[in-house]
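Welcome, and thanks for taking a look. Please open the model and keep it in view while you read this short report.

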Amino acid sequence: MQITLEIPDEMLQGKGLNEGEWLQEIAIALFQKELITLARASRIARMHQMDFQKLIASRGICIHYDVEEFEQDIRHLEERGWL
């Protein structure tokens, strides 16, 4: 399997990427290829899930949300007594 990283030009101008930025780019690429979930991608990127969503939205990447993730969200809401 080959994965291509699409890194915005402004991130490469003037300096290289730091470790955190590389992890974010790897997480974005894996998520975009639907190889990992949003939750897993945010953990790889070492970001809060909402911050990761904002990052991918800024890149024009749509969030794929499947039935399994929906059911997981329902379970979490039920466990917290919010549903």
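## An exposed tryptophan

Trp82 has a relative accessible area of 64% and counts as exposed, because that value lies over 50%. Bear in mind as you inspect it that this is a predicted model.

Where does Trp82 sit? You will find Trp82 in the segment after α5, the helix that covers 67–79.

## Salt bridge between Arg46 and Glu19

Now to the charged pairs: how many salt bridges does the structure hold? There are two salt bridges. In one of them, the side chains of Arg46 and Glu19 come together with an N to O distance of 3.4 Å.

This pair links distant parts of the chain, 27 residues apart. Arg46 belongs to the loop between α3 (38–44) and α4 (49–58), while Glu19 is in helix α2, residues 19–32. Both Arg46 and Glu19 are exposed.

## Salt bridge between Arg59 and Glu25

Arg59 and Glu25 also meet through their side chains in a salt bridge, at 2.6 Å from N to O. Arg59 is in the loop between α4 and α5 and Glu25 is in helix α2, so this pair ties together parts that are 34 residues apart in sequence.

Technical notes. Residues numbered from 1 in each chain as written. Predicted model: local features only at pLDDT ≥ 70, side-chain atom pairs only at ≥ 80, totals over all residues. Heavy atoms only, no water. Helix = DSSP H or I, 4+ residues; strand = E, 2+ residues; numbered from the N terminus. Buried < 20%, exposed > 50% of the residue type's maximum accessible area, 1.4 Å probe, protein only. Salt bridge = Lys/Arg side-chain N within 4 Å of Asp/Glu carboxyl O.
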